[in-house]
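Dear colleague,

I am passing on a structure that you have not worked with before, and my notes on it follow below. Please look through the structure first and then read on.

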Amino acid sequence: MYNFDFEKPSTIADAVAALADEDAQALGGGQTLIPTMKQRLASPSKLVSLKGIAEMQGICMSDAGEVCIGGATCHADVAEGAGSYPALAALAEGIGDPAVRNRGTIGGSLANNDPSACYPAAALGSGATIVTNAREIAADDYFQGMFTTALEEGEIITEVKFPVPEAASYQKFEQPASRFALVGVFVSKGAGGVRVAVTGASEEGVFRWSEAEAALSGNFSADALDGMAPAADGMISDLHGSSAYRAHLVGVMTRRAVAACG
Ligand SMILES: Cc1cc2nc3c(=O)[nH]c(=O)nc-3n(C[C@H](O)[C@H](O)[C@H](O)COP(=O)(O)OP(=O)(O)OC[C@H]3O[C@@H](n4cnc5c(N)ncnc54)[C@H](O)[C@@H]3O)c2cc1C
């Protein structure tokens, strides 16, 4: 590791000010950023930890009935505290291992937008709102491709607001070594209709499978998706699975998610 400056502010305003310095970067749980720095794939001159900001920690219910999660809340706390949205709590419980769950944060996961991460599927599949120090961004506008989001330089995710649907389920086919999703599908049915968000599969990162949403809108049952799978074009192909394998798996995991909605 190389030398760098470190700040741990206690307010969002101080964090934003600290991040205005050239080459400064936000630090959530460090589960992605620190290994990246060790490999010299990133070399910020200053890290600004968000972990000391009380207003970015914890889970509450808004007056509008949304589950609101502070951007620096770790996955273990979501698993334990998001009981009013069971599918989200279960998703958090399935991330990585205990060390990752106790360090990694929801804000770090959504900012990173790894194409195989779980939270992007939950946010897109729930129609969540990403709240930053500057604005509110609908999940439909937030994800802009693999490792790419609508966040501007120095902008931090302070909170994520999840509307609670009538029914939802996340089904993940795990890469057994990391527990990242080889394919993960988040399905929800609520006031805004049916949403199906897929992670782990596409070269463009998380996406909504609109054909499945249309089929499920008329008949919310796994049978409505019989024989359906997205096109293999543009699906990830690597040593874990070909693009055709992943496309098939999207169909399988979506049917499982719908069946699990009960
Ligand atoms: C072994 C292992 C297994 C894992 N398995 C899974 C899994 O199964 N599913 C899954 O979804 N994830 C998995 N992860 C990822 C992990 O859960 C973290 O969510 C992820 O590493 C990023 O979160 P972090 O808080 O550690 O962010 P950091 O590593 O601290 O930061 C990542 C990026 O986000 C930026 N950032 C951090 N916080 C914010 C913020 N609030 N606002 C704006 N930018 C911010 C940083 O500047 C950096 O660019 C795994 C990680 C490891 C190491």
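**The ligand and its surroundings**

In this predicted model, β2 (24–27) and α6 (106–112) each contribute at least two residues to the shell around the ligand, and α6, with four residues, provides the largest share of that shell. The shell also takes at least three residues from each of domain 1 (1–49) and domain 2 (167–260).

In total, 30 residues surround the ligand, and the closest are A26, T32, T105, C118 and R179. Sorted by class, the shell around the ligand consists of 13 nonpolar, 14 polar and three charged residues.

Several distances to oxygen atoms of the ligand are worth checking on your screen. A backbone N or O atom of A26 lies 2.6 Å from an oxygen atom of the ligand, while a polar backbone atom of G30 is 2.8 Å from an oxygen atom of the ligand. In the case of T105, a polar side-chain atom lies 2.7 Å from an oxygen atom of the ligand. Of the 960 Å² of accessible area that the ligand has on its own, the protein covers 88%.

**The cysteines**

With a cut-off of 2.5 Å between cysteine sulfur atoms, the count of disulfides comes to zero. C68 is in no disulfide, and the nearest cysteine sulfur, that of C60, is 4.6 Å away; C68 counts as buried because its relative accessibility is 4%, which is under the 20% limit. C74 is likewise in no disulfide, the nearest cysteine sulfur being that of C118, 15 Å away, and C74 counts as buried at 7% relative accessibility.

With kind regards

Notes:
Residues are numbered from 1 along each chain as its sequence is written. This is a predicted model: local features need pLDDT of at least 70, side-chain atom pairs count only at pLDDT 80 or more; totals for chains, interfaces and linings use all residues. Side-chain values use heavy atoms; hydrogens and water are left out. A residue is near a molecule or strand if one of its heavy atoms lies within 4 Å of it. A polar contact is a pair of N or O atoms within 3.5 Å; within protein, one must be able to donate a hydrogen and the other to accept it, and residues adjacent in sequence count only if both atoms are side-chain atoms. Accessible areas come from the Shrake-Rupley method with a 1.4 Å probe; for residues, only the protein chains shown count as cover. Ala, Val, Leu, Ile, Met, Phe, Trp, Tyr, Cys and Pro count as nonpolar, Asp, Glu, Lys and Arg as charged, and the others, Gly among them, as polar. Domain bounds come from an automatic or database domain assignment. Buried means under 20% relative accessible area, exposed over 50%, partly exposed in between (1.4 Å probe, protein chains only).
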